[in-house]
Amino acid sequence: MEITILPLPGESKKSGNMDESALGFGKIFTDRMLLVEWKSDRGWFDARIKPYEPFVLDPSCLVFHYAQEIFEGLKAYKWSDGTITLFRPEMNARRFNLSADRLCMPRIPEEFFVESIMQLVKMEKDWIPTAEGTSLYIRPAMIAVEPVLGVKSSDHFYYFVILSPVGAYYASGFNPVKILVEDRYVRATPGGTGEAKTGGNYASSLIAGVEAKKKGFHQVLWLDGVHHRYVEEVGAMNMFFAYEDCVVTAPLAGSILNGVTRDSVICLADSLGFRVEERPIEINQLLSDIKEGKVKEAFGSGTAAVITPVGILGYKGESLTIGDGGVGRLTRKLYDTLTGIQYGRIPDTFGWLRKIV
Ligand code: COI
């Protein structure tokens, strides 16, 4: 598919140097975006890189009422020598199409997904921050724009990609967060949309997050939707628990997200000599393992969250400190190795990087 390049109306919004220490997450956006349309009688058409600007959409569009929407998250990194890379973008392309299948939306050719992002990022390369822990967050998304109120799959979609220079996802940076195990609300059930990256999963999780914040926690850890017994994920992160000789994470059984960072952590932990077990984690067993000091470290993984140490786990009014509550050695090692590969400080022996420049 050919991409038309539309000119910017004036100067770049980027005036001089950004304050890279104050970026936060997803608050500012670059000059340009990608937009492609799909109609049931035409397939994909009109791919264009255009100025970043608001959409003009009919208030009756399906996405506003029935949430037919999917998205992805990946990052571009600028190395100290100016090299720019993406990290495993083909995994995002594959997952995007799995989400599209689940939400009854059209698939996008995976090569186009990756190549068009590479082209957009190349045009916006001056926006990629270089300070420690910063990167350019890439947000591809697809929305249903047919203006009709009957419940149906749209016959018109927008696929778009926007870019945001970001720092750490959690304001606390690479420091332990407090996570509350949610025992009332559920995020996903078998046969539901838990495995898809769709906005509705996040909308329905907000109430638990708000209640957790009031209790002093950063986010919630979801338990399975049937028994409320097995650990699933933390919305923005997959979870790992490190024992003396192994690292444990919940299996991909259909209701949690198949995280790109999750998969990378599994490969890295294995290459560091740790046995990685993908198995059901029963919450009461986990809590007693924490109390007995068998769980040495806990951390979450995600594109936005990278690797985030978890210092405290709360459950039913009790707060348990994991290890010494600080950043564990394995967590630090995995963070350093993963970010070392992403920023070109460590050779990419896994073949994960796609070089743009
Ligand atoms: C990501 O890590 O890219 C995510 O999608 C998590 C999030 C900020 C919703």
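The questions and answers below take up these topics in turn.

This is a predicted model, in which local features need pLDDT of at least 70 and side-chain atom pairs count only at pLDDT 80 or more, while totals for chains, interfaces and linings use all residues. Residues are numbered from 1 along each chain as its sequence is written, and side-chain values use heavy atoms, with hydrogens and water left out.

Visitor: What is the phi of Arg-88?
Guide: Most residues other than glycine have a negative phi. Arg-88 lies in the loop between strand E6 (84–87) and helix H2 (89–102), where helices (H or I, at least four residues) and strands (E, at least two) are DSSP runs numbered from the N terminus. The phi of Arg-88 is positive although the residue is not glycine, with a value near 50°.

Visitor: Is His-156 buried or exposed?
Guide: Buried means under 20% relative accessible area, exposed over 50%, and partly exposed in between (1.4 Å probe, protein chains only). His-156 lies in strand E8 (residues 156–166), and its relative accessible area is 13%. With that value, His-156 is buried.

Visitor: Which residues have the most contacts inside the largest nonpolar core?
Guide: In soluble globular proteins, nonpolar side chains tend to be buried together. A nonpolar core is a set of buried Ala, Val, Leu, Ile, Met, Phe, Trp, Tyr and Cys residues joined through side-chain atoms within 4.5 Å. The largest such core has 51 residues, and those with the most contacts inside it are Ile-117, Val-121, Ile-138, Met-142 and Tyr-159.

Visitor: How many residues does the other core have?
Guide: This core lies apart from the largest one, and among its members are Leu-223, Met-239, Leu-286 and Leu-313. Its residues number 27.

Visitor: Which element gives the most to the lining of the largest cavity?
Guide: A cavity is a set of points, on a 1 Å grid over the protein atoms alone, where a 1.4 Å probe fits but cannot get out, and lining residues have an atom within 4 Å of a point. The largest cavity has a volume of about 100 Å³, and of the 13 residues that line it, the closest to its centre are Tyr-77, Phe-87, Thr-261, Thr-303 and Gln-342. Strand E5 (74–78), helix H6 (260–271) and helix H8 (329–342) are the elements that give two or more residues to this lining. The element that gives the most, with three residues, is E5.

Methods: On a 1 Å grid over the protein atoms alone, a cavity is a set of points where a 1.4 Å probe fits but cannot get out, and a pocket is an open set with protein on both sides within 12 Å along at least five of seven lines; lining residues have an atom within 4 Å of a point. Grid points are joined across faces, edges and corners, and a volume is the space filled by probe spheres set on the points.
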